[in-house]
Amino acid sequence: MSLDVQALRQEFPILSREVHGKPLVYLDNAATTQKPQVVIDALVNYYSQSNSNVHRGAHFLSDEATRLYEDSRTVVANFINANAREEVIWTSGTTEGINIVSKGMAQRLKAGDQVVVTELEHHANLVTWQQACKHSGATLHVAPIDDNGTLDREAFTELLNKNTVFVAMPHVSNALGTVNPIVDLIRQVRTHAPKALVLIDGAQGIAHGNVDVRAIGCDFYVFSGHKLFGPTGVGVLWGKQAVLEDWPVWLTGGEMIASVSYQDATWGALPNRLEAGTPNIAGVIGLAAAVRWFQQLDMQAVQAHEKALLERAIELGAEIEGLRLIGNAKDKIGVYSFILEGSHPADVGFLLDRQGIAIRTGDHCAQPLMERLGVPGTARASFSIYNTLEEVEQLFVGLKKAQTMLA
Ligand code: PLP
């Protein structure tokens with residue numbers, strides 16, 4: 001079954017607006033995706049019909065809000081095939097999820113321990129681990145990539161040993177689109193570094209395929225709602241129940257305690273022990289609406305469509321003199337990072353924007369990766385399910401125009 005992209009587009013009100021007097025061509029989906037009407041409705045309905053605080057009230061609305069909020073947890077747990085709904089911890093996004101894990105890990109790290117990340121990391125999955133190591137005397141090792149942006153599996157495996165206590169890596173690179181073979185890589189970790197826990201940064205992976213945390217075999221998988229057609233300010237930390245159960249608490253305060261005296265406190269059970277304070281209730285409900293909406297799509301058709309968009313981009317890009325594709329891994333999602341020789345990515349982005357085409361330019365929160373690849377930054381078009389082949393073509397017509405203006 002192929003994807004009915006035109007019908008899909010109708011569900012996204014923002015896609016029919018104009019910018020600078022031109023129809024919007026939104027190609028910045030790796031930064032954030034647009035929201036279908038069902039997600040917008042879920043937020044409006046919550047605030048107009050059910051708004052109340054969760055878990056605490058003795059009244060109708062509080063019960064209703066709690067039910068919607070906790071049902072959302074079940075929706076997400078089923079979506080990623082968690083073993084239990086208690087394994088789903090609500091966060092503000094990927095960054096917070098990684099911080100909960102790295103700050104907890106920092107309390108356990110000691111001199112001699114080793115943490116492994118990759119050259120593909122977003123700052124969120126790098127700076128956090130640098131900090132954790134810095135304060136504990138553990139060492140951080142960075143697994144290299146080749147010039148196409150593919151992880152060097154042999155070098156990765158060589159970094160693993162009995163002192164490796166943590167491995168963190170992205171499912172998919174936001175800057176290059178590289179898809180890491182995470183199942184195989186985790187197998188290597190289990191063989192060579194049996195003590196290590198593994199975190200997968202799923203910020204970019206979650207919207208592009210069937211994420212099954214049990215099949216992946218990691219200990220933690222984190223993602224943000226806003227990259228999955230959901231609201232900003234909400235995300236998920238999934239962790240194996242046994243691991244989360246005694247994970248150091250993150251925020252302390254209301255909701256996460258079992259009992260409190262003036263001198264001391266004890267912590268509640270999962271998931272609350274890692275969710276102090278009033279949560280982003282509307283965001284959680286909006287995220288569940290996004291997941292329900294996404295789940296009814298044919299995942300094979302989604303992947304085939306995104307592949308067709310990327311292939312068309314690669315084909316058209318090859319016709320433009322001076323355009324260099326940055327990141328050309330064999331297994332790659334719809335992220336098209338490039339530089340136009342002789343021009344700065346920011347100028348390219350500006351000139352495309354004037355034509356209604358939204359891309360992202362800069363280092364994509366991956367400064368060390370840019371340095372590794374020998375570029376100051378790139379222009380990045382990133383595709384989603386509602387993009388059309390015509391829009392990809394418009395990108396390259398726009399680029400040719402920009403190139404003439406920059407000459
Ligand atoms: N990791 C990756 C791979 C990302 O692409 C991003 C966002 O672009 C993040 C982490 C951080 O996500 P957030 O800003 O939603 O916390």
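## Basis

Residues are numbered from 1 along each chain as its sequence is written, and side-chain values use heavy atoms, with hydrogens and water left out. In this predicted model, local features need pLDDT of at least 70 and side-chain atom pairs count only at pLDDT 80 or more, while totals for chains, interfaces and linings use all residues.

## Seven-stranded sheet

Seven strands form an open sheet with mixed pairing, in the order β4-β10-β9-β8-β7-β5-β6. Strands (E, at least two residues) and helices (H or I, at least four) are DSSP runs, numbered from the N terminus. Two strands pair if DSSP finds at least two bridges between them. The edges are β4 (88-91) and β6 (139-143); each has a single partner strand, so one side of each is left without a neighbour in the sheet. Neighbouring strands are turned by 20° against each other on average, direction ignored. Axes are lines fitted to C-alpha atoms, for helices over the stretch in contact, and angles run from 0 to 180 degrees between N-to-C directions.

Three bridges link β5 (residues 114-118) and β7 (residues 164-170) in the parallel sense. Val 116 faces Val 167 in β7. Helix α5 (residues 127-134) lies across β5, β6 and β7, at about 150° to β6. Helix α7 (residues 182-192) lies across β7 and β8 (197-201), at about 160° to β8. Contact here means heavy atoms within 4.5 Å.

## Four-stranded sheet

A second open sheet has four strands, ordered β13-β14-β17-β16, with antiparallel pairing. Its edge strands, β13 (323-325) and β16 (360-362), each pair on one side only. The twist averages 30° from one strand to the next.

Strand β16 runs antiparallel to β17 (residues 378-382), joined by three bridges. Thr 361 has Ala 379 in β17 as its bridge partner. Helix α11 (residues 299-317) packs on this sheet and touches β13 and β14 (335-340); its direction makes about 15° with that of β14.

## Pockets

The search uses a 1 Å grid over the protein atoms alone: a cavity is a set of points where a 1.4 Å probe fits but cannot get out, a pocket is an open set with protein on both sides within 12 Å along at least five of seven lines, and lining residues have an atom within 4 Å of a point. Grid points are joined across faces, edges and corners, and a volume is the space filled by probe spheres set on the points.

The largest pocket has a volume of about 460 Å³. Of its 21 lining residues, Val 179, His 208, Asp 331, Lys 332 and Ile 333 lie nearest the centre. Domain 1 (5-30 + 298-406) and domain 2 (41-295) each supply at least three lining residues; the domain bounds come from an automatic or database domain assignment. The second largest pocket has a volume of about 270 Å³. Its lining counts 24 residues, with Thr 94, His 122, Ala 203, Gln 204 and Lys 227 nearest the centre. Both domains give residues to this lining, so the second largest pocket lies between them.

## Cavities

The structure holds two cavities of 30 Å³ or more. Domain 1 and domain 2 both contribute to the lining, so the largest cavity lies between them.

The second largest cavity holds about 40 Å³. His 55, Tyr 69, Glu 255, Asn 272, Glu 275, Gly 277 and Pro 279 line it.
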